[in-house]
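The stops below proceed from the whole chain to single residues.

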Amino acid sequence: LTFVLMDPPYENGRTTTALRLLQIAASRGHDINVFAYEGAVYVPFALQKGHPNPVHGKDAEEEDHVLPREWVAEVMRTAKVNGGSVDWINCGFCVDERGAHEAIEGVRRGGPPNLVEWVGKSDNVLVIPTK
């Protein structure tokens with residue numbers, strides 16, 4: 001299965017929906033390819049940090065803010081445990097434009113030729129575009 005993501009984390013529900021779909025596919029043992037393009041290169045960004053919520057009077061630990069990088073790592077672990085795999089590529093052009101060079105372990109840099117190759121080899125491709 002190949003997924004193409006374009007939206008950055010926290011901006012809308014499309015990224016959350018994509019992560020949920022990836023988690024389901026991983027739990028079923030699928031081999032998954034993810035091509036992160038545009039703002040989606042920040043989904044596995046290693047420097048994401050939880051933050052406090054002074055409105056609710058909670059510190060960062062109490063707020064327990066979900067970090068997309070942790071979700072991506074969990075998708076990778078889940079796939080492996082269930083006999084599948086995740087190959088996550090961040091578009092190198094997009095990474096350079098945004099300064100998103102620090103990604104979690106298991107994410108690699110690539111480009112459009114990788115996506116073209118995956119599309120040709122995949123049983124299904126889901127593009128979750130920006131609006």
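Throughout this tour, contact means heavy atoms within 4.5 Å. The model is a predicted one, in which local features need pLDDT of at least 70, side-chain atom pairs count only at pLDDT 80 or more, and totals for chains, interfaces and linings use all residues. Residues are numbered from 1 along each chain as its sequence is written, and side-chain values use heavy atoms, with hydrogens and water left out.

**The whole chain**

Display the protein chain as a cartoon. Five helices and five strands are present; helices (H or I, at least four residues) and strands (E, at least two) are DSSP runs, numbered from the N terminus. Read from the N terminus, the order of elements is β-α-β-α-α-β-α-β-α-β. The radius of gyration is 15 Å, close to the 14 Å of the globule rule for 131 residues, so the chain is as compact as a globular protein of that length. That radius is taken over C-alpha atoms, and the rule is 2.2 Å times the number of residues to the power 0.38. Along the principal axes, the C-alpha atoms fill a box of roughly 50 × 35 × 30 Å.

Of the 131 residues, 40% count as buried. Here buried means under 20% relative accessible area, exposed over 50%, and partly exposed in between (1.4 Å probe, protein chains only). Among contacts between residues at least 6 apart in sequence, 72% join residues at least 24 apart.

**The nonpolar core**

Next, select Leu5, Leu22, Ile32, Phe35, Val72, Val86 and Trp88. Of the 34 residues in the largest nonpolar core, these touch the most other members. Such a core is a set of buried Ala, Val, Leu, Ile, Met, Phe, Trp, Tyr and Cys residues joined through side-chain atoms within 4.5 Å. At least two residues of this core come from each of S1, H1, S2, H3, S3, helix H4 (92-98) and helix H5 (112-121).

Centre the view on Phe35. Which residues does Phe35 touch, not counting those up to four places away in sequence? They are Phe3, Val4, Leu5, Ile89, Cys91, Gly111, Pro112, Leu115 and Trp118.

**Helix H3**

Now select residues 68-81. The 14 residues of helix H3 should span 20 Å at 1.5 Å a residue, and the end C-alpha atoms are 20 Å apart, which agrees; the expected span is 1.5 Å times one less than the number of residues. Buried in H3 are Pro68, Val72, Ala73, Val75, Met76, Thr78 and Ala79. These buried residues pack against helix H1 (13-27), strand S3 (85-91) and strand S4 (107-110). After H3 comes Gly83, with a positive phi near 85 degrees.

**Thr2**

Move to Thr2 in strand S1 (residues 2-5). Is Thr2 buried or exposed? Its relative accessibility is 1%, so Thr2 counts as buried. The Thr2 side chain makes a polar contact with the side chain of Asn33 (3.2 Å). A polar contact is a pair of N or O atoms within 3.5 Å; within protein, one must be able to donate a hydrogen and the other to accept it, and residues adjacent in sequence count only if both atoms are side-chain atoms.

**Two loop residues**

Most residues other than glycine have a negative phi. Select Tyr10, in the loop between S1 and H1: although not a glycine, Tyr10 has a positive phi of about 75 degrees. Tyr10 is partly exposed, at 48% relative accessible area.

Finish at Glu38, in the loop between strand S2 (31-36) and helix H2 (60-63). Glu38, also not a glycine, has a positive phi of about 55 degrees, and counts as partly exposed at 28% relative accessibility.
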